[in-house]
Amino acid sequence: MSVLGTESRPLRVAIVGAGPSGFYVADSLFRAKIPVVVDAFDRLPTPYGLLRGGVAPDHQQMKTVGKYYEKVALTPGFSFFGNVKVGQDLTVEELKLHYDAVVFTCGAETDRRLGIEGEDLPGSETATAFVGWYNGHPDHQAHSFDLNAERIVIIGQGNVAIDVARILAKTPAELKVSDITEHALHALAKSRVKEIVLVGRRGPVQSAFTELEIKELGELEDCDIFVNPADIELNAASQQELDEPSNNKARKNVAVLREFAPRPLHGKSKKIVVKYFASPVAILGNGKVESIVVEKNRLEGEAGNQKAVGTGETETLSCQMVLRSVGYKGVSIPGVPFEERKGVFPNQGGRITENGAVVPGLYCSGWIKRGPSGVLGSNKPDGAATVEALLADMAHLTPCVNPHTESVLSLLSSRHVAVVSFDDWKKLDAEELRRGVELGKPREKFTHIVDMLAFLGKPVSSEVAYVSK
Ligand code: NAP
């Protein structure tokens, strides 16, 4: 029997999802210094996942980590196969025939639901769709947002909510230096938004955002920030949480909020209100969003574990759009066990399990492993841990029966899948940068899969054309 991880039989690993987590897994595999073939599949023709489609377009500094991922991609043994949807174009069973191990790093593609009346009214949107729209994600280009709204309520106070509020509040001049799509830039320039309310169900100490992000909201050119001083008075348990030596995040956040609270409004065109202790109860409107009812909360429970409990007192905020930003959720892939409630693949330290038993050869890392938490860099140790488990198992893995990438490519070709390689991506990348230079911005993205394939001179199947329109 072949010994995996040797010159005569390199370990063959398929990565499903070429976002940050996928690249950290690949990086850890190469660092193991064993002969290894790493083939990374992504349903989009472009690599980098949330770095491209999630990270805010005005946070260009964060995007520099893409250079690191590119270095991994250029490592001998690595291949990128974009525009391949695992579970549709290629089954997991087929991957298992061609790879000794499959690592799923497919992230969390959908949103958690609020489960309240009116959640699906036109004008009640998810942050995922809005972020995808302004970031040029092909899934969200057909979506239109009513930016005639004068007041927009954002539910949730994580960094995604902050990103969305900031993008809505920035002036065209502030946005111009970002890689926001021209389409979104023009739509936002015409927006009539005057007030953006960020609603949190708990208090300032429990805010999910981080210091740098909340601070930015106080530095906007034409947008005031408003924090009600009464909202930053702490109960005893919150004070205890704040005094906890390890809770630097809360201390930094509260310091910023305390600096915001006494600030006078400067009569700027827009205003962001950071509102605490309120949970959405219902979204109301006749055919579209007209208001949201929130219930006032108090905190109950021990320090570190305080929950928002409704007081029964409600308030109706008139608004024309609601953006739900209460966390992402993973989606299932046929052939892989899935934990519906949490939206993750059940696993033990990255080894995928079914009914508590490890499924040999299947692994996961990133948000599909641990849920949607942490910053991009959090996926590095997570990926390293999954790879450590995989390498520890290597001697017991059943070698795949068909250890040939060409055979996978033939299968895809027989199914008329237009596979996009890393070289192809570099052509798209160069074109996006060129278009960016013309427009005086870092990059102008391709936003439709059909356009990417057409630019690369690849056949566009009718199905792809249909999905992307
Ligand atoms: P998140 O940080 O988990 O925040 C979710 C927010 O939704 C919290 O305020 C949470 O409140 C609230 N929430 C959840 N369920 C709710 C409900 N039923 N009703 C009302 N509020 C509810 O999620 P995220 O903002 O989507 O971010 C995901 C991850 O990406 C985070 O780790 C984030 O830091 C990261 N990220 C980082 C950056 C950056 O570094 N700049 C940018 C974007 C995202 P509770 O606390 O009460 O549950």
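**Strand 9 and its sheet**

Modeller: This is a predicted model. Strand 9, residues 223-227, is largely enclosed by the rest of the structure, because four of its five residues are buried.

Colleague: What makes a residue of strand 9 count as buried?

Modeller: The cut-off is under 20% relative accessible area.

Colleague: Why are strand 9 and strand 10 called a pair?

Modeller: A pair needs at least two bridges. Strand 9 and strand 10 (residues 270-275) have five, in the parallel sense. Cys 223, for one, has Lys 270 of strand 10 as its bridge partner.

Colleague: Which sheet holds these strands, and what is its order?

Modeller: An open sheet of six strands, ordered 6-14-7-8-10-9, with parallel pairing.

Colleague: Why do strand 6 and strand 9 stand at the edges?

Modeller: Strand 6 (124-126) and strand 9 each have a single partner strand, so one side of each lacks a neighbour in the sheet. From one strand to the next, the twist averages 20°.

Colleague: How do you know that strand 7 pairs with strand 14?

Modeller: Two bridges would be enough. Strand 7 (residues 151-155) and strand 14 (residues 321-324) run parallel and are joined by four. Val 153 is bridged to Val 322 in strand 14.

Colleague: Which strands does helix 6 lie across?

Modeller: Helix 6 (residues 159-169) lies across strands 7, 8, 9, 10 and 14. Its angle to strand 8 (195-199) is about 175°.

Colleague: What is the average pLDDT of the protein?

Modeller: The average is 96, and 98% of the residues score at least 70. Over residues 462-469, however, pLDDT is below 50.

Key:
Residues are numbered from 1 along each chain as its sequence is written. This is a predicted model: local features need pLDDT of at least 70, side-chain atom pairs count only at pLDDT 80 or more; totals for chains, interfaces and linings use all residues. Side-chain values use heavy atoms; hydrogens and water are left out. pLDDT is the predictor's confidence in each residue, from 0 to 100. Contact means heavy atoms within 4.5 Å. Buried means under 20% relative accessible area, exposed over 50%, partly exposed in between (1.4 Å probe, protein chains only). Helices (H or I, at least four residues) and strands (E, at least two) are DSSP runs, numbered from the N terminus. Axes are lines fitted to C-alpha atoms, for helices over the stretch in contact, and angles run from 0 to 180 degrees between N-to-C directions.
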